Amino acid sequence: MSRILTVAAAQLGPIQKAETRREVVARMVALMDEAKAKGADFIVYPELALTTFFPRWYHEDRAEADAWFEASMPNPEVQPLFDRALAHGMGMSFGYAELTPDGQHFNSSIIVDKSGAIVGKYRKIHLPGHVEYDPDRTHQHLEKRYFEPGDLGFPVWRTMGGLLGMCICNDRRWPETYRVMGLQGVEMVVLGFNTPSVNSQKGGEGLAQRLFHHRLSVQAGAYQNSCWVVAVAKAGDEDGHHLMGGTLIVNPDGEIVAELEGEADGIIVVPCDLDDTRFGKETIFDFKRHRRIEHYGKITAQVGVVEPE
Ligand code: CDT
């Protein structure tokens, strides 16, 4: 048996502060055309794909940051992407800053199916960074200032012939993210990321170690839940701030099957057999037979560490 979903992981190179959404959407459409030519059914773009990674910029007045948010989806600036996806008969997923009608702010992503319908929405749960300007950091990471933690959990949707879920950037480092979706049978997790190539609080931690932690996290998540993981970067130098690449696709054995070189706009396309998830789900990670939830209570009963007496 095989159930192939041919996926394009579509990395975006840097987006400068001055770039418009229209310019970015034109780049995304070009990647979509390339993906279609290579046989993709489904294209995945990064976190906050429509703008620069604005949480690095401090606005004392938070309302000023609303310019980076989308008050509706789709909207006229993004419509060309939806139109092209429908014309190609392709599904897609991308991240954007969401401003809800009642004024809530989320770091969100969506899955759009081949008919152009938004079938899934996810709002980032693990928000990294800080609320106030921090003079001790080499750069700011103000996600906690501009976004609320997501309120939709980690859903999994039946779409495009499989069971698909989403998470966003920092979520990929947390085993709970994958396990909650794993418990819904997820076959493919798609995620976008904007990861600075240096640690703002640890000078010695550079690109190689950041890439190692990224691969370690997504490979573990894929293996331990026997699912595909598609992880897509926004990369390169945005107004003097460098984001790492590392766009890759991991199979349900936890192996990287494709990884994009470089930090520019580009794609990797992989035919992913969703039935490859079966073996792991029915053997070593058959949750129903092997999980011991009577010993996992602390995972939901407490947040921080409680050391023994
Ligand atoms: N966008 C995002 O979540 N980036 C974080 C950076 C962490 S450092 C504050 C990441 O986990 O890659």
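1. The shell of residues around the ligand divides by class into 3 nonpolar, 4 polar and 5 charged residues. It should be kept in mind throughout that this is a predicted model.

2. Which residues make up this shell around the ligand? They are Glu47, Phe53, Lys124, Pro128, His141, Glu143, Cys169, Asn170, Arg172, Arg173, Asn194 and Thr195.

3. For Arg172, an oxygen atom of the ligand lies 3.4 Å from an N or O atom of the side chain. On its own the ligand has 360 Å² of accessible area, and the protein covers 89% of this.

4. A separate point concerns helix α1, which runs over residues 21-37 and has 17 residues. From its first C-alpha to its last, α1 reaches 24 Å, close to the 24 Å expected at 1.5 Å a residue. After α1 comes Gly39, which has a positive phi, near 90°.

5. Which residues of α1 are buried? They are Arg21, Val24, Val25, Arg27, Met28, Val29, Leu31, Met32 and Ala35. In reading this list, the student may recall that an α-helix has 3.6 residues a turn, so residues three or four places apart point the same way.

6. The cover over the buried residues of α1 includes the strands β1 (4-11), β2 (42-44), β3 (91-99) and β14 (266-273), together with helix α2 (79-88).

Key:
Residues are numbered from 1 along each chain as its sequence is written. This is a predicted model: local features need pLDDT of at least 70, side-chain atom pairs count only at pLDDT 80 or more; totals for chains, interfaces and linings use all residues. Side-chain values use heavy atoms; hydrogens and water are left out. Helices (H or I, at least four residues) and strands (E, at least two) are DSSP runs, numbered from the N terminus. The expected span of a helix is 1.5 Å times one less than its number of residues. Buried means under 20% relative accessible area, exposed over 50%, partly exposed in between (1.4 Å probe, protein chains only). Contact means heavy atoms within 4.5 Å. A residue is near a molecule or strand if one of its heavy atoms lies within 4 Å of it. A polar contact is a pair of N or O atoms within 3.5 Å; within protein, one must be able to donate a hydrogen and the other to accept it, and residues adjacent in sequence count only if both atoms are side-chain atoms. Accessible areas come from the Shrake-Rupley method with a 1.4 Å probe; for residues, only the protein chains shown count as cover. Ala, Val, Leu, Ile, Met, Phe, Trp, Tyr, Cys and Pro count as nonpolar, Asp, Glu, Lys and Arg as charged, and the others, Gly among them, as polar.
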